[in-house]
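Here's a quick briefing to read with the model open beside you.

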Amino acid sequence: MTDTVVPDGSTGRHLVLVGLMGAGKTTVGQRCAELLDRPFVDTDELVVASAGVAFDDIWSAEGEQGFRRRERVAVADATASPTPLVISCGGGIVLDSDNRRALRATGVVVLLTASSAALAARLADDDSRPLLIGNDKTATLERLSAVRQPAYEAAAHFEVDTERRSVDDVATEVVKEYRAWNG
Ligand code: S3P
């Protein structure tokens, strides 16, 4: 790594947020970006921007497989940024070992956690996640959590619990830990 000594937030590794849908990666990530005074990117938004069509259209035309392919490109692009970013990752990104490698090699990776019931409650009125549509949200998140836990643990440098905590509170802890890891 070729860090130079410049003001906090403009040097070092990306701050990468991973975790299940509803974990707060986007809201917490945006707050962290403010605290660190650096750009924020969300991989779902990168996928949509590069595809030039709506998220639902990608998913229905290309299926999950097509979406995951596009997600890998988004991860490669974001992690290649010479400017350190805050990167909010779609919940399934960690399933791909190349993604995990790229995120860990260029970033400090934080896993945001909460119980499946809390995640489902946050997503109660949300119908933007294809994996949850038409399914019992708590049960689906519980199942995804069990399947993905090893991948989340393999990806993350540290974890922060988000249950019953404000965005500000979580973001403050994430940034504090991030600074310790970023050196
Ligand atoms: C997914 C999570 C979503 C989005 C897509 C698939 C997943 O992002 O990428 O619906 O597989 O967990 P968020 O985690 O930001 O909701």
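Helices here are DSSP runs of H or I with at least four residues, numbered from the N terminus. This is a predicted model, where local features need pLDDT of at least 70, side-chain atom pairs count only at pLDDT 80 or more, and totals for chains, interfaces and linings use all residues. Residues are numbered from 1 along each chain as its sequence is written, and side-chain values use heavy atoms, with hydrogens and water left out.

**Start of α2**
- Helix α2 covers residues 43-51, and at its start a side-chain oxygen of D42 comes within 2.9 Å of the backbone nitrogen of D44.

**The largest pocket**
- The largest pocket holds about 630 Å³ of space, a volume being the space filled by probe spheres set on grid points joined across faces, edges and corners.
- Its lining counts 34 residues, and M21, G22, K25, D44 and R129 are the closest to the centre.
- A pocket, on a 1 Å grid over the protein atoms alone, is an open set of points where a 1.4 Å probe fits, with protein on both sides within 12 Å along at least five of seven lines; lining residues have an atom within 4 Å of a point.
- α1 (25-36), α3 (55-79) and α7 (167-182) each put at least two residues into that lining, and α3 gives the most, with 5.
- By class, the lining splits into 13 nonpolar, 11 polar (Gly counts here) and 10 charged (Asp, Glu, Lys and Arg) residues.

**The ligand**
- The ligand takes up the space of the largest pocket, meaning more than half of its atoms lie within 2 Å of the pocket's grid points.
- Around the ligand are 14 residues, with K25, D44, R68, R129 and R148 coming nearest; a residue counts if one of its heavy atoms lies within 4 Å.
- α3 brings the largest share of this shell, 4 residues, and the shell's classes are 5 nonpolar, 3 polar and 6 charged.
- A polar side-chain atom of R68 sits 2.7 Å from a ligand oxygen, and a backbone N or O atom of G91 sits 2.9 Å from one.

Methods:
Polar contact = N/O pair within 3.5 Å; in protein donor to acceptor, adjacent residues only side chain to side chain.
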